[in-house]
Structure formats: C-alpha cells, structure tokens
Amino acid sequence: DHLHNWYDFWNAELGRPVSRGERQDNGSYRRDFSNGTAVYNPPGNKPVTVVFDETRASVATTQSGPRHHVAAGDGDLFLKNH
C-alpha cells in the first residue's frame, strides 16, 4: 500500500512544462512551467533562496515577491502573477 498525504496546494495550475527539471548550483531542483515554477530542496541540503525576475506567489505560504526561501526537505510552487 502506498498511502501518503495530499495537500490542496499541489493542485495549483502550473500549466505546461517549458523546461526539464534540473539540479541547481545550490543543490535544489527546479522545473519551469508556463504558469510558474516548481522547486524541491532535498533533505540534508541547506535552506535555499529562490530569486525570480518578477513577482511570484508561493502556493505554500501565499506570500508574493521576487525572493522566496525553501527549507531543506521541502518544496514549493511559485505561480506567476497574471
């Protein structure tokens, strides 16, 4: 049995993928979509700051801005403001 939690914010409308998921220099992983970006920071990595050229809304925290922090062992979806 493969039971796990599902969080409502995972239903965010990211749109179509526009890039492959790639490991970043800071150890996190990032994939860009037409409506936003998904970032995963694996356990054991240090907390990372994600910087965008524009304001993005964090689906997890609902905060908007060009800079966001993602803790180790966590991830977030950052939506473009339309």
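Biologist: How do the strands line up in the sheet?
Modeller: Six strands make an open sheet, in the order 1-2-3-6-4-5, with antiparallel pairing. Strands here are DSSP runs of E, at least two residues, numbered from the N terminus. Two strands pair if DSSP finds at least two bridges between them.

Biologist: Which strands sit at the edges?
Modeller: Strand 1 (22-23) and strand 5 (64-70); each pairs on one side only.

Biologist: Where does this model come from?
Modeller: It is a predicted model: local features need pLDDT of at least 70, side-chain atom pairs count only at pLDDT 80 or more, and totals for chains, interfaces and linings use all residues. Residues are numbered from 1 along each chain as its sequence is written, and side-chain values use heavy atoms, with hydrogens and water left out.

Biologist: Back to strand 1. How many bridges does strand 1 share with strand 2?
Modeller: Two, in the antiparallel sense, and strand 2 covers residues 29-33. Arg-23 stands opposite Tyr-29 in strand 2.

Biologist: And what pairs with strand 6?
Modeller: Strand 3 (residues 36-41) pairs with strand 6 (residues 74-80) over six bridges, antiparallel. Strand 4 (residues 48-58) also runs antiparallel to strand 6, joined by three bridges. There, Arg-56 has Lys-80 in strand 6 as its bridge partner.

Biologist: Let's pick a residue. Is Val-39 buried or exposed?
Modeller: Buried: its relative accessible area is 6%. The cut-offs are under 20% for buried, over 50% for exposed and partly exposed in between, with a 1.4 Å probe and protein chains only.

Biologist: Where does Val-39 lie, and what is opposite?
Modeller: Val-39 lies in strand 3. Asp-76 in strand 6 stands opposite Val-39. The C-alpha atoms of Val-39 and Gly-75 are 5.4 Å apart, though 36 residues separate them along the chain.

Biologist: What else does Val-39 touch?
Modeller: Leaving out residues up to four places away in sequence, its contacts (heavy atoms within 4.5 Å) include Tyr-29, Val-50, Val-70 and Phe-78.

Biologist: New topic. How many aromatic pairs are there?
Modeller: A search of the whole structure finds one. Phe-52 and Phe-78 form a tilted pair, 5.5 Å centre to centre with 55 degrees between the planes. Rings of Phe, Tyr and Trp (its six-membered ring) pair if their centres lie within 6.5 Å; planes under 30 degrees apart are stacked, over 60 edge-to-face, the rest tilted.

Biologist: What does the Phe-52 and Phe-78 pair tie together?
Modeller: Phe-52 lies in strand 4 and Phe-78 in strand 6, so the pair ties together parts that are 26 residues apart in sequence. Phe-52 and Phe-78 are both buried.

Note on methods
Helices (H or I, at least four residues) and strands (E, at least two) are DSSP runs, numbered from the N terminus.
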